[in-house]
Amino acid sequence: MIDLILVAIGLTLIAVGVFYDFIGAIGLLRLPNFFTRLHAATAGAIGGAVVPMIGAALVALGADYLGPPRFFLAGAAFASSILLMILSQAGSHAIARAAYLSGEARVEPALHDALKEREGGG
Amino acid sequence: MESIVTSVLTVLIPLYVTSFLIYVVRVVKGPTLPDRVLAVDSLGYDIAAFMVVLSILLKSPLMVVCGLSLALWIYALDIYVAKFLEAREMGG
Amino acid sequence: METLFLFIATVAALLSVVATYLAIRARDMLSAVIFSAVQSTAYAIMFYIFMAPDIVLVYIPVSVGVLPAVTILLIKRTERYER
């Protein structure tokens, strides 16, 4: 019984991950600016990668036809979800900072640029 | 149990492939370099999750390590490009 | 089931062809590095589908990790845009 509940929750989380993956992809395709696409990319990374990994860990804990190595699958999937939760945000922040500082991506429809004022017009 | 998991994942996997193709459209179109790096970043993380899901479908749980490796190295690629752009800005 | 796996492998193979063509045609060398990373990711999916995880574990650090690092160091020493 507990196996069936774990498998049901896990498959639901994987389906939610597919939905977030679509949201991230369509947002990355349709949004007009680099700094707005950043939002869609981080939503796609967290919702589309972390949530399905936790779901896969729950499915592997529940599915007993995989044999004893399924505990290895569950532990590795959970560890990689924890790592990804830190790494995707750190990478997106690094690339956004580099793109702003090097002037590679323009901040075009901007009403007020507070960071530029604070750095003294540079 | 096995038939439920296999049939649900078989329905979900073409949707994953479709969203990967939409990411690739942004990689090809991207007007500036950080757009491309951002799209490759999200594509790599989602492919890592796809590999974890696929190892359940292939019934071989020891293949899950590839997803972890891919996620860590995609992050390294991101940091390389960020360091390159910042070094160019400082004039080095 | 085998039809699904052949479908994924076919999509990955076509994707690697497109990425290789764009990497050859790109004027910006850093974009060529990014397209090369896309191509190696597609190859990683193909090796994974064909049940060769040991080759995936060797191929990803070489072609996503070490090759872009060396190429970006080379571009930093020389120039970025092709003339």
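## Helices of chain B

Chain B has three helices and zero strands, and its order from the N terminus on is α-α-α. Here helices are DSSP runs of H or I with at least four residues, strands are runs of E with at least two, and both are numbered from the N terminus. This is a predicted model, where local features need pLDDT of at least 70, side-chain atom pairs count only at pLDDT 80 or more, and totals for chains, interfaces and linings use all residues. Residues are numbered from 1 along each chain as its sequence is written, chains are lettered from A and ligands numbered from 1 in the order written, and side-chain values use heavy atoms, without hydrogens and water.

## Overall form

Let's look at the outline of chain B. Its C-alpha atoms fill a box of roughly 60 × 30 × 10 Å along the principal axes. The radius of gyration of chain B is 17 Å, while a compact globule of 92 residues would have one near 12 Å (taken over C-alpha atoms; the globule rule is 2.2 Å times the number of residues to the power 0.38).

Of the 92 residues in chain B, 64% are buried, meaning under 20% relative accessible area with a 1.4 Å probe, protein chains only.

## Meeting chain C

Now to the partner. The contact (heavy atoms within 4.5 Å) takes 36 residues from chain B and 33 residues from chain C. Together the two chains bury about 3300 Å², with 87% of it on carbon and sulfur atoms; buried area is the accessible area (1.4 Å probe) lost on putting two parts together, summed over both. On the chain B side, B:M63, B:W73 and B:F84 lose the most area to chain C, together 18% of what that side buries.

Conventions
Buried means under 20% relative accessible area, exposed over 50%, partly exposed in between (1.4 Å probe, protein chains only).
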